[in-house]
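Subject: Structure handover

Dear colleague,

I am passing on the structure below, together with some notes on what turned up in it. Please read the notes with the sequence and the model open beside them.

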Amino acid sequence: ILNNLGCQSVHVDVCQGFAFPGFFSLDDVQSGSLHVFNGHVTMHFFRPQLGDCQIDLSFLRENDLAVLHVFPDTNVDSVSEFFEAVQLAGCRPGISLDIKIDFSVIKPYLPSLDTVFVMGIPVATYGLQMEQSTLVRLASMSQLIAKCNLHCRLGLDGGVNTTTFRQLIALVDELVVGGLLFYTDDIVAQWAALTA
């Protein structure tokens with residue numbers, strides 16, 4: 001279905017050994033079943049197992065994107081270990097910024113990043129309106145990217161609905177539509193309505 005929709009990328013959230021949306025199994029993803037998808041695959045990791053149980057990203061392709069979700073309590077060692085795993089896998093590195101985080105914490109990493117996602121709603125929520133501050137946060141991150149890494153892409157994750165979709169696609173390089181697409185009875189019809 002995703003290939004037929006002509007999507008440029010598929011975004012999979014990974015948390016505590018589970019993949020979301022639920023029709024993806026993490027085992028299936030890691031065994032390469034997403035490689036039949038013509039677009040890029042984005043794997044968005046929430047608190048991955050690092051250190052002694054270093055995360056294995058070898059199943060990702062060169063043009064796929066591995067994204068670490070940075071929470072206010074994420075430490076520098078976790079970010080460094082994630083970057084090492086991405087480098088070993090040869091895929092593209094990204095960071096997703098929790099809604100409660102100060103952008104300045106990622107400034108040292110920005111020159112190395114392919115993509116930065118700004119969260120529009122709190123983690124593990126669905127169907128909420130985008131936080132009022134999101135547009136300001138997007139503008140601030142866009143300015144930071146312009147200063148530090150012109151090649152870095154800007155994304156938005158969460159809070160996208162049928163009303164905000166058109167406005168938001170004009171502001172970012174990658175828009176995670178998530179529940180807007182996957183919680184509908186007819187994915188094809190919803191996509192057609194969004195892109196009409």
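Arg92 and Asp114 are both buried, where buried stands for under 20% relative accessible area, exposed for over 50% and partly exposed for anything in between (1.4 Å probe, protein chains only). Their side chains meet in a salt bridge, with N to O at 2.6 Å; the term denotes a side-chain nitrogen of Lys or Arg within 4 Å of a carboxyl oxygen of Asp or Glu. Because Arg92 belongs to strand 5 (residues 92–97) and Asp114 to the loop between strand 5 and strand 6 (115–119), this pair ties together parts that are 22 residues apart in sequence. Helices (H or I, at least four residues) and strands (E, at least two) are DSSP runs, numbered from the N terminus.

Please bear in mind that this is a predicted model, in which local features need pLDDT of at least 70 and side-chain atom pairs count only at pLDDT 80 or more, while totals for chains, interfaces and linings use all residues. Residues are numbered from 1 along each chain as its sequence is written, and side-chain values use heavy atoms, with hydrogens and water left out.

Asp114 also forms a salt bridge with Arg153, the closest N and O atoms being 4.0 Å apart. Since Arg153 lies in strand 7 (residues 153–157) and Asp114 in the loop between strand 5 and strand 6, the pair ties together parts that are 39 residues apart in sequence. Arg153 counts as partly exposed because its relative accessibility is 22%, and Asp114 counts as buried because its value is 18%.

Arg153 in turn forms a salt bridge with Glu174, where the closest N and O atoms are 3.0 Å apart. That pair links distant parts of the chain, with Glu174 in strand 8 (residues 174–176) and Arg153 in strand 7, 21 residues apart. Through shared partners, the salt bridges join Arg92, Asp114, Arg153 and Glu174 into one network.

Turning to strand 4 (residues 65–70), six of its six residues are buried, so the strand is largely enclosed by the rest of the structure. Leu65, Val67 and His69 point one way from strand 4, whereas Ala66, Leu68 and Val70 point the other way. Strand 4 runs parallel to strand 3 (residues 40–46), to which four bridges join it, and it pairs with strand 5, also in the parallel sense, over six bridges; two strands pair if DSSP finds at least two bridges between them.

Best regards
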